[in-house]
Amino acid sequence: MCHITQRSSSFSFPKIYSIFWRFHHTSTSHWCSCSKTVSDEKYQDPFQLGRKDLKNLYEDIKKELLVSAAELKEMCDYYFDGKGKAFRPMIVVLMARACNIHHNNSKEVQESQRSVAIIAEMIHTASLVHDDVIDDANSRRGKRTLNQIWGERKAVLAGDFILSAASVALARIGNTTIISVLTQVIEDLVRGEFLQLGSKENENERFAHYLEKTFKKTASLIANSCKAVSILGCPDPKVHEIAYQYGKNVGIAFQLIDDVLDFTSCADHLGKPTAADLKLGLATGPVLFACRQFPEMNAMIMRRFSKPGDVERARKYVLQSDGVQQTTYLAQRYCHAATREIRKLRPSPEREALVHLTEMVLMRDK
């Protein structure tokens, strides 16, 4: 069984800006020379490069969701309509190829590695279904949520069914190490949801709490999926850690930008309501940074923006502050950390695509 490097669960920082050092200097040391890069633009496009391995992705997911009940099938198929960006599966197959090439110059994705990509998308979608129920959301990806169409009870059951089908697919891989790595994701999702229900009075504890929640709810899936395919493709624990650290940093950056877009993008473009987090009582990065310039926001954060006018006032403070810019800057730091990690692998088109992907995360507008 391959060795699995343990990650730290501590997100405690003496000062907000020590976040940068905590996350950017805990990875494994640089251990191979990778000074050359692939400059051809077509090889740097992650979606072009991952297209071959993602062909028929949603059809294969639907095969995992075979069910006789027509209504449940319709609910399960609702989000697997082929219109998603398949962001997570794309990262997973690119990481699989990058690790395979690094290990033995194999350019093919193993069937078990592609299964991890499928499982990752299923776990992600199940978590969205459950999140929409918890948040009483009415739109997702530009259309009505399951809970709005079929009701909360049936939506919860549909999310459970997708998760159970992902677990069956995971067991079929037949590797206990991979099962352990990916079931950690499910635990993290639940713990992250509980973290989201809580608040911290101390400013530094509050930011650490926010980052830990962000890791568990968003980044853990990407980090552990990348780690899983690296274990399947390469026996070296250093490569497993590189894959994990890349996924963790990209995942946190992705969510930070998502939190920025909640303040800067229009609802129609984003595919869901803006200021949604404030309406749910959540203080994300832009709010926490803005609070340093407008201390009066502290009281609003502690009461979870529950008084009339709180949401509007908080949004106004955020846009008047440098909260959006500071959160974007923090996301850039995470993306730079991800780039440093992935460049420890041998040069390949896939490695460069993963580097380019960090730029795409920062530049996305929905």
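**Entry 1: a pair in α10**

I began with E187 and R191, whose side chains meet in a salt bridge at 2.8 Å, N to O. I count a salt bridge when a side-chain nitrogen of Lys or Arg lies within 4 Å of a carboxyl oxygen of Asp or Glu. The model is predicted, so I take local features only at pLDDT of at least 70 and side-chain atom pairs only at pLDDT 80 or more, while totals for chains, interfaces and linings use all residues. Residues are numbered from 1 along each chain as its sequence is written, and side-chain values use heavy atoms, with hydrogens and water left out.

Why do E187 and R191 sit about one helical turn apart? They are four residues apart in helix α10 (residues 176-196). Helices (H or I, at least four residues) and strands (E, at least two) are DSSP runs, numbered from the N terminus. An α-helix has 3.6 residues a turn, so residues three or four places apart point the same way.

Next I looked up exposure. Buried means under 20% relative accessible area, exposed over 50%, and partly exposed in between (1.4 Å probe, protein chains only). E187 is partly exposed at 38%. R191 is partly exposed too, at 47%.

**Entry 2: other salt bridges**

How many salt bridges are there by this rule? I get 20. Side chains of opposite charge can pair when their charged atoms come close.

I checked R313 and D310. Their closest N and O atoms are 4.0 Å apart, and they form a salt bridge. Both lie in helix α17 (residues 310-320), three residues apart, about one turn of the helix. Is D310 buried or exposed? D310 is buried, at 1% relative accessibility. R313 is partly exposed, at 38%.

Then I turned to E108 and K52. This salt bridge has its closest N and O atoms 3.3 Å apart. It links distant parts of the chain, with the two residues 56 apart. E108 is in the loop between α6 (87-104) and α7 (111-135), and K52 is in helix α3 (residues 46-54). K52 is exposed, with a relative accessible area of 56%. E108 is partly exposed at 45%.

I also noted a network of salt bridges that links D53, R97 and E350.

**Entry 3: α4 against α7**

I followed α7 to its contact with helix α4 (residues 57-64). The two axes come within 10 Å and cross at roughly 75 degrees. Axes are lines fitted to C-alpha atoms, for helices over the stretch in contact, and angles run from 0 to 180 degrees between N-to-C directions. Angles under 35 degrees count as roughly parallel, over 145 as roughly antiparallel, 65 to 115 as roughly perpendicular and the rest as oblique. α4 and α7 are therefore roughly perpendicular to each other.

Which residues meet here? From α4 I listed L57, Y58, D60, I61 and E64; from α7, R114, I118, E121 and M122. By class, this contact has five nonpolar, no polar and four charged residues. Contact means heavy atoms within 4.5 Å. For the classes, Ala, Val, Leu, Ile, Met, Phe, Trp, Tyr, Cys and Pro count as nonpolar, Asp, Glu, Lys and Arg as charged, and the others, Gly among them, as polar.

**Entry 4: the covered helix α15**

Helix α15 (residues 285-293) is mostly covered, with seven of its nine residues buried. These are G285, P286, V287, L288, F289, A290 and C291. They pack against α11, α12 (237-264), α14 (276-279), α16 (297-302), α17 and α18 (323-342).

I then picked F207, which lies in helix α11 (residues 203-233). F207 is buried, with a relative accessible area of 1%. F207 and F289 are 82 residues apart along the chain, yet 9.0 Å separates their C-alpha atoms.

**Entry 5: two backbone angles**

I found that F305 has phi near 55 degrees, a positive value in a residue other than glycine. F305 sits in the loop between α16 and α17 and is buried, at 5%. D136 also has phi near 55 degrees. D136 is in the loop between α7 and β1 (139-140).

**Entry 6: the whole chain**

Last, I took the totals. The chain has 19 helices and two strands. Of its 366 residues, 55% are buried. Among contacts between residues at least 6 apart in sequence, 76% join residues at least 24 apart.
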